[in-house]
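Take a look at the model first, then read on.

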Amino acid sequence: MDLLLLIFANNIAPILLSAGAGFAIGRAFNLDVKAASRLVFYIFSPCLVFVSLTETTLSVTDFGRMTIFAVSTVILFGVAAFAFGKLLNLNRPTLAALVVTNMFGNGGNYGLSLTLFAFGGVALAWATVYYTITALMVNTLGVIIASSGRVSLRESIGGIFKLPMLYGMILAILFRALNIEVPVAFFRAIKLLSGAALPVMLIVLGLQLAQIKRIDNIRLVSAASVFQLLCGPIIGLLLASLLGLSGAARQAAIIEASMPTAVVVTILGIEYDINPDFITGVVLLTTLLSPLTLTPLIAFLYL
């Protein structure tokens, strides 16, 4: 019990306190959440991706294994949620909502910070790869599922090229592959901005949660939330073992797979009208309940 309390205090409580600061200021003042989110999306996140991938010792093989893990987990989460939704006899919009809430966890705002606190900088590099790949999938596969066929595959794939993180990843890979040294002035600027990514992400998480006023249909939201929080660690552990991930790679992969539902999924719910109230409820409840699953999971991964 003492170990669990120590893990919670040192790794999860700082994240909740930081997000709580964003939540409090979001409730107290009428802040523009979109402006803060755009700073993360267009500046801080691509800088974090670039710095993490240029400074890491990850090989092309390592990058490929984490990519396979990320893609596989997202697909398996979707299949599991679809089966669960059919069992509950959900209507089509709510079924689509259940699938996307289960597929896409909060690997950025929450997962990167937790991975850094719990397992250090090496694990953060692995987690950054997972986060980048799943962010690309949200904007393709997530859009296709949420739109239920109203958006073409071509349009969805085209959306990938609007993601700044993609270019941060491509540039980092090119610089490493060609052994090009980034000019000092540029690298220092990029690294400075990347250092702001995690704290601003947590503030944005709090601001976004502050906009959620209530939870409707609490029984269904609770069932979906518990399913999501249990599904992630189980599938993550199985796939990490199957792919032979070990050390920091295993720790980062499993933690990222076990995150609560990403706040960005609420945007899909609103945009494509797939029961957005249900989605916001799952986002809030999985975030609040996540310490109950993540604390013992971190303890297990320390072994």
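Helix 3 and helix 6 pass each other in a right-handed crossing, where right-handed means that the near helix is turned clockwise from the far one by less than a right angle, and left-handed means anticlockwise. Keep in mind that this is a predicted model, so local features need pLDDT of at least 70 and side-chain atom pairs count only at pLDDT 80 or more, while totals for chains, interfaces and linings use all residues. Residues are numbered from 1 along each chain as its sequence is written, and side-chain values use heavy atoms, with hydrogens and water left out.

**Helix 3 with helix 6**

- The axes of helix 3 (residues 60-87) and helix 6 come within 9 Å and cross at roughly 45°; axes are lines fitted to C-alpha atoms, for helices over the stretch in contact, and angles run from 0 to 180 degrees between N-to-C directions.
- That makes helix 3 oblique to helix 6 (under 35 degrees is roughly parallel, over 145 roughly antiparallel, 65 to 115 roughly perpendicular, and the rest oblique).
- Helices here are DSSP runs (H or I, at least four residues), numbered from the N terminus.
- On the helix 3 side, the residues that meet helix 6 include Phe 63, Met 66 and Phe 77, and their partners in helix 6 include Trp 126, Ile 133 and Leu 141; contact means heavy atoms within 4.5 Å.
- Sort the residues of this contact and you get 13 nonpolar, three polar and one charged (nonpolar: Ala, Val, Leu, Ile, Met, Phe, Trp, Tyr, Cys and Pro; charged: Asp, Glu, Lys and Arg; polar: the others, Gly among them).

**Helix 5 with helix 6**

- Helix 5 (residues 107-119) and helix 6 (residues 121-147) have axes that come within 8 Å and cross at roughly 160°.

**Two single residues**

- Thr 280 sits in helix 13 (residues 276-302).
- With 17% relative accessibility, Thr 280 counts as buried (buried is under 20% relative accessible area, exposed over 50%, partly exposed in between, with a 1.4 Å probe and protein chains only).
- Asn 91 is found in the loop between helix 3 and helix 4 (92-103).
- At 47% relative accessibility, Asn 91 counts as partly exposed.

Technical notes:
Helix = DSSP H or I, 4+ residues; strand = E, 2+ residues; numbered from the N terminus.
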